[in-house]
Amino acid sequence: MNERSTLTVNEKGHLEIGGADCVELAKNFGTPLYVMDEEYIRRMMRVYRDTIQKEYDGNGMVLYASKAFSCKAIYRIAEEEGLGVDVVSGGELYTALQAGFPAEKIYMHGNNKLPYEIQEGLDAKIGCIVADSYSEIDLIDCEAKKRGIRQTVLLRVNPGVEAHTHAFVQTATTDSKFGFSLQDGTAEAITKYALSKENILLEGYHCHIGSQIFEKQSFALAVKKCMDFVALMRDKLSFVPTKMNFGGGYGVWYTDEDKKLPPEGYSEYVEELIAELKKQSKEKNLPLPYLLIEPGRSIVGEAGITLYTVGAIKEIPGVKTYLAVDGGMFDNPRYALYQSKYTPILANRANEENTQIVSIAGKCCESGDLIAVNVNLPKAERGDILAILSTGAYNYSMAMNYNRNFIPPCVLVKEGVAEYIVKPQTYEDLVRNDVLPERLKK
């Protein structure tokens, strides 16, 4: 079991999260069910916030990366813990604003923001837009002029750091849909262009080198490359950024193949980044910029689990045993997309010894509908409650109604008490937007 979380096994041999018995959660709320541990989320937010306060004299802000998990409750928690947020769509922006999140602490991302999303951001008076194209610069400038304002902007740049991560989630190699390369002159050109716009206030740069990164030196190298570029822009364009955003990407535990860290261990990543930022600023005679970081997965990933009920069990002699659950790729598409690995536990028999190797299959009509392949479990039976660990990030965010299955509800647990933060869907929800043309009506 992952020793860093609040997961425990009680006297009944049942898995608990945040003091709540997972068997009781399944009984009371049904399955599939997303479960999030509020205290773990807050603990992770405080680690990042307090590290900037201690190591950088508070000259910065943590932005929770919404794409990991977005709902009203997470924005309210982020606000209470003193964080900002980044959003990557009009939907995430709307959700944050509906939760009452302060617009001035919202940063808007995306490589192809739609015109209405930029308009909505400006109308809400969000704090900053991270621009990623010439046309976007033009659109922001035009819309800001209509409103008689100068919109604060960061430029997304690509430092060319190849982080040790899955190829599908690398975002800062030279061939990337994100950012302007520091090496080929495009970042310099977009800087000059943004500075020429009357209604844009360029304050600095943003870079994000990838996801699920455990090597601290990757972040330090990104800082060095970015600060080399900052010094160049000072010398060539007389532009000195006041803000630098170094993104997120800190790795989390999914299986024992991953590095294990307690929540407080994540301060090491930020400490390494800050040390390099101070070093580079001193060597290049640059003022220390306001620091922004964007952890998402590392805040909520290990805070969440998904509960399922075991259904059909199919043993193919000499080949494989399939253990089917009442969920699947519609609530966790990450195996189908990335072959992502997870750790399963029988929540109602958490103390029992693993005796068989199984593949966990979903209920969709797809041969690729799998959640985990060749994993160890006790001999499972129909009706067992299966927990998949570390599903707090991207599972709910990427969930869908494929085969017209329900996106599972989500409960937030604190001190053993669970409450909905995302309600269950109904059949009516599935057909709510369906329309029958007149010629098809009876």
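Me: Where is Pro-32 found?
Reply: Quick heads-up: this is a predicted model, where local features need pLDDT of at least 70, side-chain atom pairs count only at pLDDT 80 or more, and totals for chains, interfaces and linings use all residues. Residues are numbered from 1 along each chain as its sequence is written, and side-chain values use heavy atoms, leaving out hydrogens and water. Helices (H or I, at least four residues) and strands (E, at least two) are DSSP runs numbered from the N terminus. Pro-32 is in the loop between helix H1 (22-29) and strand E4 (33-37).

Me: Which residue does a cis peptide bond join to Pro-32?
Reply: Most peptide bonds are trans. Here omega is about -5°, and the cis bond joins Pro-32 to Thr-31.

Me: Is Asp-57 buried or exposed?
Reply: Asp-57 lies in the loop between H2 and strand E5 (60-65), with a positive phi near 55° although the residue isn't a glycine. Buried means under 20% relative accessible area, exposed over 50%, and partly exposed in between (1.4 Å probe, protein chains only). Asp-57 has 71%, so the residue is exposed.

Me: What is the relative accessibility of Gln-339?
Reply: Gln-339 sits in the loop between helix H11 (334-338) and strand E16 (344-346). Gln-339 isn't a glycine, yet has a positive phi of about 55°. Gln-339 counts as partly exposed because its relative accessibility is 44%.

Me: Which side chain does a polar contact join to that of Glu-143?
Reply: Glu-143 is in helix H6 (residues 134-147) and counts as buried at 5% relative accessibility. Leaving aside neighbours within four places in sequence, Glu-143 is in contact (heavy atoms within 4.5 Å) with Gln-119 and Leu-122. A polar contact is a pair of N or O atoms within 3.5 Å; within protein, one must be able to donate a hydrogen and the other to accept it, and residues adjacent in sequence count only if both atoms are side-chain atoms. At 2.7 Å, the partner of Glu-143 is Arg-147.

Me: Are H4 and H5 roughly parallel or roughly antiparallel?
Reply: Axes are lines fitted to C-alpha atoms, for helices over the stretch in contact, with angles from 0 to 180 degrees between N-to-C directions. Helix H4 (residues 90-98) packs on helix H5 (residues 115-124) at about 25°, with axes 9 Å apart. Under 35 degrees counts as roughly parallel, over 145 as roughly antiparallel, 65 to 115 as roughly perpendicular and the rest as oblique. So H4 and H5 are roughly parallel.
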